[in-house]
Amino acid sequence: MPRGPLSLAVLDLLGSGRVHGTDGAGLTETARRVTERSTDLLTDDDVQLSLYVMYELFYRGFEGVDDEWEWDPVLLSARAVVERALEQHLAERVPVPDGVVPQRDAVADALFALTAPTPGPSVARYVAKRASLEQLHEFLIHRSIYQLKEADPHTWAIPRLLGQPKAALVEIQADEYGGGDPGRMHYELFARTMRGAGLDDQYGAYVERVPAVTLAGVNVMSLFGLHRRWRGATAGHLACFEMTSSLPNRLYGDGFRRHGFDQGTTWYFDEHVEADAVHEQIAGRDLAGALAQSEPELLEDILFGAATCLYLDGLAGDHVLSAWEADVSSLRLP
Amino acid sequence: MSGAVPVSSGGGLPPRAVREPTIVACPDGPLLVRGDVTITDADGQPVPRRRATVALCRCGVSTIKPYCDGTHKAIGFTTA
């Protein structure tokens, strides 16, 4: 279902039999108008759903929608308008560490410092100690948008890297994809968790239920992953993602154990406690650090990607926690 | 010209199929172990190894020893 004029126009276009490459309805102009009027792109449902749909054509597509739309010039032109606005929005808001030199260990140290565990309220602590069964369901539904295609957005960067950073990214992603064992691929483990919790594990099943801020987190990964110019940001984003994963995942697992879920259901979280303690070391030094050293001009992007990951995670966390504290749903109404 | 096409080795020996064991001591962090290594407990029983590269706890407070769970970051562990 559309959430405003832009998503309406995008969905209309994909559902039409229109000839590719013709912009009779002025989609690019609509994108320009909607992004200019938006007061906050990251919480704008119309903008984030539109972007999500346009990016999804590059992953699994949509049933009944021609794969040709993936490279349709009109959609790409409209997407570029939204992307530029989003990039500007982030650049104006995301605090990026400065004074970092483009050396392997210095960059790794800066990333570990940026992502150092902090005390205080967090979704992970809430899940561990207080979340109701319904809130656990909500938690999984938010996560499902990314976790059912876990690792895919960062994989786009593999052909854009060389040497040590490429090998490091492959080493991490191979593990994300279960080391070649289909049943151990992380997104499969997440699907198992969803089934264990009695939820629909079908890809995209809950897109309608998640708010803009949840979609924004995935969209930014796609933005970084699909553009060669953002390969540094992808490396930084992944490093940050891995560095903020092991400790929270232990707490997520605790929350599900507290509600009596079995080991098959918590496997996903337990797996990430161990895996991401490995990945964060590789991502910090061999991926992000080595990339900054071999291509110093990417240093800013690497740090920006990491800081953006943290920033969006914070926004999404604030959204969920404030809803739960007020005893209301963090999801959109069905 | 005839005969076999010469194969350029590019210098050095071809890599072995199984990666040479290496241990990386991560600053303020775990020991990253790669390659053909068996990790055992004190009785010589192999500890399940679920991935190609593993991180061994070095700070002593991991809840999944011998593997690292990232807790070193929460307790200010340093190797300096």
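**A hairpin and its sheet**

Modeller: In this predicted model, β1(B) and β2(B) form a hairpin with five residues between them. B:Asp28, which lies in the turn, has a positive phi of about 55°.

Colleague: Which way do the two strands run, and how many bridges join them?

Modeller: Strand β1 (residues 22–25) and strand β2 (residues 31–34) of chain B run antiparallel, and four bridges join them. For example, B:Val24 has B:Leu32 in β2(B) as its bridge partner.

Colleague: Which residue of β3(B) is the bridge partner of B:Leu32?

Modeller: That partner is B:Ala55. β2(B) and β3(B) pair over three bridges, in the antiparallel sense.

Colleague: In what order do the strands of chain B lie in the sheet?

Modeller: The order is β1-β2-β3, and these three strands form an open sheet with antiparallel pairing. β1 and β3 (54–56) of chain B each have a single partner strand, so they stand at the edges and one side of each is left without a neighbour in the sheet. On average, neighbouring strands of this sheet are turned by 25° against each other, direction ignored.

Colleague: Which helix packs on the sheet?

Modeller: Helix α14 (residues 263–294) of chain A does, touching β2 and β3 of chain B. The direction of this helix makes about 95° with that of β2(B).

Colleague: How many helices and strands are there in chain B itself?

Modeller: Chain B has zero helices and three strands. Read from the N terminus, its elements run β-β-β.

Colleague: What share of chain B counts as buried?

Modeller: Of its 80 residues, 29% count as buried. The accessible surface of chain B comes to about 5300 Å², and carbon and sulfur atoms account for 59% of that surface.

Colleague: And among contacts in chain B between residues at least 6 apart in sequence, what percentage join residues at least 24 apart?

Modeller: The figure is 25%.

Colleague: Is A:Cys240 buried or exposed, and what about A:Cys309?

Modeller: A:Cys240 counts as buried because its relative accessibility is 1%. A:Cys309, at 8% relative accessibility, also counts as buried.

Key
Residues numbered from 1 in each chain as written. Chains lettered and ligands numbered in written order. Predicted model: local features only at pLDDT ≥ 70, side-chain atom pairs only at ≥ 80, totals over all residues. Heavy atoms only, no water. Buried < 20%, exposed > 50% of the residue type's maximum accessible area, 1.4 Å probe, protein only. Contact = heavy atoms within 4.5 Å. Areas by Shrake-Rupley, 256 points an atom, 1.4 Å probe, with all protein chains shown as cover. Pairing = 2+ DSSP bridges. Axes fitted to C-alpha atoms, helices over the stretch in contact; angles between N-to-C directions.
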